[in-house]
Amino acid sequence: MIILIIFLLVAVIVTLIVYNMHIQKKIESFQNLNERVTNLSVLQDFMKLAGEEDSVENKLRRMNDIVIEKYDIKYSTIVVFDGSEYVIKASNVDSKHHETLLNLHNEEIFQDSVNTATPKYVTIDNENEKLPYQKAEMGRAKSAMFFPLYIDNIYIGYWIMESGQMHAFDKTDTTIIEVVKDNIISVLKTVAYQDTIENIDRIDKNTELHSAEYLYGKAKNIMDGYPTSAVCMFRIANIEAINDEYGRQTGNIIIQEIAKIVRQRMAKEYIFVRYMGPRFVIVFSGVEEAAVEAFLKDMKEEIEELVILPENAEVDENNEENQEESQVDGASPLINMVVSTYYKGTGVEQLTKKLEEYIESAPKTECQINFI
C-alpha cells in the first residue's frame, strides 16, 4: 500500500514537473511573441514617423520618446556628428548633463566600442560608486548601454540608454536592443536628405530673405498645414537693362526696395523667399489662386512706381529754366508674375521648377500676372 502511495506521489510530481515545463515554454513563447510584436510595432511607428511631414528635429525627438515608452527605458540620448561637431538629436536627460553626453566618444571606456562597432555595458556595484563617464551626476544613472551608430560602415555617432538602477540591463536581450538601434539608424538614414535641405537654407544678405531651399524644408511643413496654397513667382523683367544702364549697385537697391514693399504687405502666415537672382516666390498659405489676384495687382503697381536714381546722378536745381532738361531719369522695375496652386503632400520643387521654366521662357518685355 505504501509503495502504491509513493508511486502515485511520484507520478503526480512528474506530471506537475512536465506541466510546469509546458507552462514555462508557453510563457517563453508568449514573451518571444510579445517581443516580436513590440519590435514590429516600433518598426512600424518609426517608418510612419519617417514619412510624416515634420522637421528632422521633431522626428528624432518623437522616435526617442517611442523607444523610451515601448522598452521602458529611463533615459535615452541620441548623439550624431553633423560634420563639424557632435550634437544631441534627441534626449530626455536634463540639459545640465548634455555636455557630458556630448563627449562620450572621448571617454576611454567607450573608445573601443566606437572602434569595433560593438555595444558597451557599464554599471556600478554599490551606491557610493559612479559610472566612469559621469562627472557630478552620481544620482542620475547607475547603469548604461552604449551603442555606436554606423551608416554604410561610416561612424555617425552613438545612442546611449541609461537607468537609475544598478545592473538594470544584466538580463536585457541585446538582440532586441540591436533591433531598436538598427531602427534608429534607419530613421537617421531616411531623414538625412531632409536634414540637409533644412540646414542648407541661408539668409540672403541683400534682402534678408530666406533662400529657395527654405521652401523645401520648414516652409513645406507650414504649407502642408493647408489643403492648398497659391504660389506666386515673380521676376524683375528688366533687371538686366537696369544693370547695364544704371549700374549693378542701382539694380541691388531696386531688389532691396522690392523686398521691403512685399514684406510690408505680407500676412504672418505667408512665406516670402528670394528664389534666385531677380526671382522671388510668395506662398499664400491656405489661399486659393483667385483670391490673390487683387493683392498681386496692387503690389505690382506699387513696385513699378519705384524710381531709383543712380548714385552718380546730379540735377542742377538752381537752373530753373533748364531744370526739366537736366533732370536725370531714374530706374523703374517691371514685374512679371506667374501663379499656380500647391497641393498638400506634393513636391514643392516640382511646382517651383514649373513656375521658373514658365517665367524664364516668357519674353523679356512681358510684365503681367499669369495663372497656370
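Predicted model: local features only at pLDDT ≥ 70, side-chain atom pairs only at ≥ 80, totals over all residues.

**Notebook: contacts, cores and a cavity**

I began with Asn-243, which is in contact (heavy atoms within 4.5 Å) with Arg-248 and Gly-251, once neighbours within four places in sequence are left aside. Asn-243 sits in helix α8, residues 239-246. Helices here are DSSP runs of H or I with at least four residues, strands are runs of E with at least two, and both are numbered from the N terminus. I looked up its accessibility too: Asn-243 is buried, at 17% relative accessible area. Buried means under 20%, exposed over 50%, and partly exposed in between, with a 1.4 Å probe and protein chains only.

Residues are numbered from 1 along each chain as its sequence is written, and side-chain values use heavy atoms, with hydrogens and water left out.

**Core**

Next I asked which residues of the largest nonpolar core touch the most other members. Of its 31 residues, they are Phe-234, Ile-258, Val-262, Phe-272 and Phe-284. Such a core is a set of buried Ala, Val, Leu, Ile, Met, Phe, Trp, Tyr and Cys residues joined through side-chain atoms within 4.5 Å. I found that β6 (228-236), α8, α9 (248-265), β8 (279-284), α10 (293-304) and β9 (335-343) each supply at least two residues of this core. Helix α9 gives the most, with six. I also noted a second, separate core of 28 residues, which includes Leu-49, Val-56, Ile-184 and Val-187. In soluble globular proteins, nonpolar side chains tend to be buried together.

**Positive phi**

Ala-117 has a positive phi near 60 degrees; it lies in the loop between α4 (108-116) and β3 (120-123) and is partly exposed, at 39%. Asp-152 has a positive phi of about 50 degrees. Asp-152 is in the loop between β4 (143-151) and β5 (154-163), and is exposed, at 57%.

**Cavity**

Last, I checked which residues line the largest cavity. They are Arg-235, Ala-237, Asn-336, Ile-359, Ala-362, Pro-363, Lys-364 and Glu-366. A cavity is a set of points on a 1 Å grid over the protein atoms alone where a 1.4 Å probe fits but cannot get out, and lining residues have an atom within 4 Å of a point.

Methods
1 Å grid on protein atoms, 1.4 Å probe; cavity = no way out; pocket = protein on both sides within 12 Å on 5 of 7 lines; lining within 4 Å.
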